[in-house]
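Let's take a walk through this structure together, one element at a time. Have the sequence at hand as you read.

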Amino acid sequence: MVKNIIDVRNLSKSFDISSKEPGLKGTIKHFFQRQTKSIEVIKNISFEIKEGEIVGFLGANGAGKTTILKMLCGLIYPSKGSILVGGHMPFRRKENFLKKITLIMGQKQQLIWDLPPIESLYLNASIYEIDKFETKKRIQKLSEMLEIDDELFIPVRKLSLGQRMKSELLAALIHEPNILFLDEPTLGLDVNAQRNLRKFLRKYNEETNATICLTSHYMKDITSLCKRVICVHDGSISYDGKLDQLLKKLSPVKHILVVCRSEKDATKLENSGFTIKNKTNNEITIIVENNSTTSSLKKILNNFDIEDLYINEPPIDEIIGRILIKKNYDI
Amino acid sequence: MSLKKHIKVYKKFLHTSLASELEYKTNILIDLITAILSLLGSIFLLSIFFQNNGSIGDWEFGEALIIQGIYTILNGITNTWFNPNLSEIVKHIREGTLDFVLLKPIDSQFYISLKKITPSGILEIILGFCLLIYCIKINQINLNLSFLTLFLITIACSICILYSLWFFISTTTIWFVKTWNATEVLRSFLYIGRFPLNSFSFSLRIFFSVFIPIAFITTIPSEVFLGFSQLWKILLEVIVAMVFLFSSRKFWLFALKFYSSASS
C-alpha cells in the first residue's frame, strides 16, 4: 500500500489585511489610522496526498492555492489545524525536512542574476552539503533530462525566459527532493517551453517517484500531468478527486462536426431533430449526449451523404472555467 | 549548525559575490574613487573644526584622527557587508524571494547577512588602518600585545553593535514592508561617530550612549587606542555588544513567525 506523504487536517489560515478608501482623504486616513480586518483565506480544509502522486490545485486568482502550497512547505504558519509533510511539521523548517522538499515559483527566481546558472548550482550544492563529484553527476543528469547544456555557462540576465526556467528547475532539484511544490511553473513560457517542462516533470516523477503538488492557470499543465485535482474555491475545497471523473461530470456532451457532400444534405441534417451548435455551408456541428454518441453516429452515417466527420470534446478551459466559480461538486 | 559547512558556504558566497561585482568594472572603479574622496573630505572637515581651537572636548586633532580612522574602518565594513546584504532583506520581503532563503537548510540570518560583498568597501577598511598606523606615529603610541588585544576586542564589539542595529531595523521590514528610510537614518547617525563623544552636550551624549549607542562604536575603541580608556567602559561595551547581538537574533526568529510571504 502506498503511504501518505502529505496529511492535512482541519487547516485554516487568517490574515490581517488593511483596506483603504479611495482619494486623498482616504489616503490620509489610511496613513494615520490603518483599518485592518482579519480575513480567513483558508477554511478548515483536509486532504491527503500519497507518495508519487501528482496533484493539481485548481482555483481562481485569490482562491487560496498558493497559501496552501506555502503552508505545506513551511513558509506560512497555519492559524488552525495540522499538517504533516514527509513526517515533519513543515513550519518548524527542520534541516531534514528542507532537504526533502523544493519550491519552484514561476514568477520568482533564485538564480544569481549577473552570473551563469552553474555558479548558483554549485552554491546550492554547498548549502545542501553535496560534494563536488556528486554535484557534477547530478548537473549532468538533470541537464540531459532538461535538454540544456551551454546555457548553464551564460549569465542568467542573457537567457530567455524558457532557458531561465529550466535553469531554475535544475537549481531547485540539485538536492534530489522527493516532494516538489510548483507554483505556476509554466507562467509566461511559450508553448514549446511549456511542453518540454511538462515532459521533464513527468519523467522526473516516473524516475524518482517524487510527489508533485502543482498550481497552474494553464489547463494543459493540469490535464497532461495530474490524475487528481483539488479544486479550491474561496478557501474551501470544492472538489477532491480524479480529473477525468470531474470532466465527465461537467461535460456530458460531445460535439460532432459533420461535413456533408452538399448544402442540401446539410440542411436535411439540420432539420432531422439533432441539437445544432452551428452551421456554415455544408458543415454542421451537432451536440450529442455522451451516452448516445454511437447511436447518433449510426443514424448520421445511414441516413445522410457525408464526406467527413470529427468528434470533439468541449474545450477544457471552458469546463475548468465552470469549476472555478462553483462552490461544491458531489461526484 | 555545523561550522565547517558554514565556512564552506561562506567561501562560495565570497566567490559568487566577487564574480557578480567584477561583471561591472566601471562601477567598482567609481566606488573606489568615492571611498578615497570621502576619506579626504572627512579629514578636511575635521581639520577645519580644529583650525581655530587646538582641541574639541579634550581631543587634539591627532587624537580625533583616530576616531576618523576607526569610523573609516567601520564604514568600510558597513559598505562591504551590511549595506549590500541588509538592504537586500527589504527587497527579499517585498518581492517574496525570502521564501527561497527560508527553504534552504542553512541558518537564514547567516544567509541574508553574509551572502553579498561589495569589494570597494575593503579599500575603506585598508585606508582606515593606514590612517590608524599614521596616528600611532603622530601620537607616539607604544604598541604591545595587551593594547592590540583590547583594541581588537573593542573593534569587534563595535562591529557587533553596528550589525545588530542595522539588522534590527531591516528585520522590521517583515511588518512595515518598506523601512529603507530607517536604515538611512541610522547611516546619518553613524556620521556622528566621526566626532569624539565629549564634543557633544551632556544630553546628546546620553542620547548617543543609551538610545543609539553610536558613542560605543567609535569613541571607546579610540580611547583604548590612546591608552586612557577605563576597564569598566570596555566591559560595558562587551556587554552592550552581546546584548545587541543576542536581541537581534531573537528578534529575527520572532519576526519570522509573522512573515506572510508576498502574494504570487
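This is a predicted model: local features need pLDDT of at least 70, side-chain atom pairs count only at pLDDT 80 or more; totals for chains, interfaces and linings use all residues.

Since 5 of its 5 residues are buried, β5(A) is largely enclosed by the rest of the structure. A residue is called buried here when 20 or more other C-beta atoms lie within 10 Å of its own. If you look along the strand, Ile101(A), Leu103(A) and Met105(A) point one way, while Thr102(A) and Ile104(A) point the other way, and all are buried.

What does β5(A) pair with? Its partner is strand β6 of chain A, residues 179-183; the two run parallel and are joined by 5 bridges. One pair to find on screen is Thr102(A) with its bridge partner in β6(A), Leu180(A).

Next comes an open sheet of 3 strands in chain A, with the order β2-β1-β4 and antiparallel pairing. β2 (35-50) and β4 (80-85) are the edge strands, each pairing on one side only. From one strand to the next, the twist averages 30°. Between β1(A), residues 4-19, and β2(A) there are 12 bridges, and Ile6(A) stands opposite Ile49(A) of β2(A). Helix α2 of chain A, residues 65-72, packs on this sheet and touches β1, β2 and β4, its direction making about 120° with that of β1(A).

Finally, turn to two helices of chain A: α5 (residues 132-146) and α6 (residues 161-173) pack at an angle of about 145°, their axes 10 Å apart. The crossing is right-handed. Ile139(A), Leu142(A), Ser143(A) and Leu146(A) of α5(A) meet Lys166(A), Leu169(A), Leu170(A) and Leu173(A) of α6(A).

Technical notes
Residues are numbered from 1 along each chain as its sequence is written. Chains are lettered from A and ligands numbered from 1 in the order in which they are written. Axes are lines fitted to C-alpha atoms, for helices over the stretch in contact, and angles run from 0 to 180 degrees between N-to-C directions. Helices (H or I, at least four residues) and strands (E, at least two) are DSSP runs, numbered from the N terminus. A crossing is left-handed if the near helix is turned anticlockwise from the far one by less than a right angle, and right-handed if clockwise. Two residues are in contact if their C-beta atoms, placed from the backbone, lie within 7 Å. A residue is buried if 20 or more other C-beta atoms lie within 10 Å of its own, exposed if 12 or fewer, and partly exposed in between; C-beta atoms are placed from the backbone. Two strands pair if DSSP finds at least two bridges between them.
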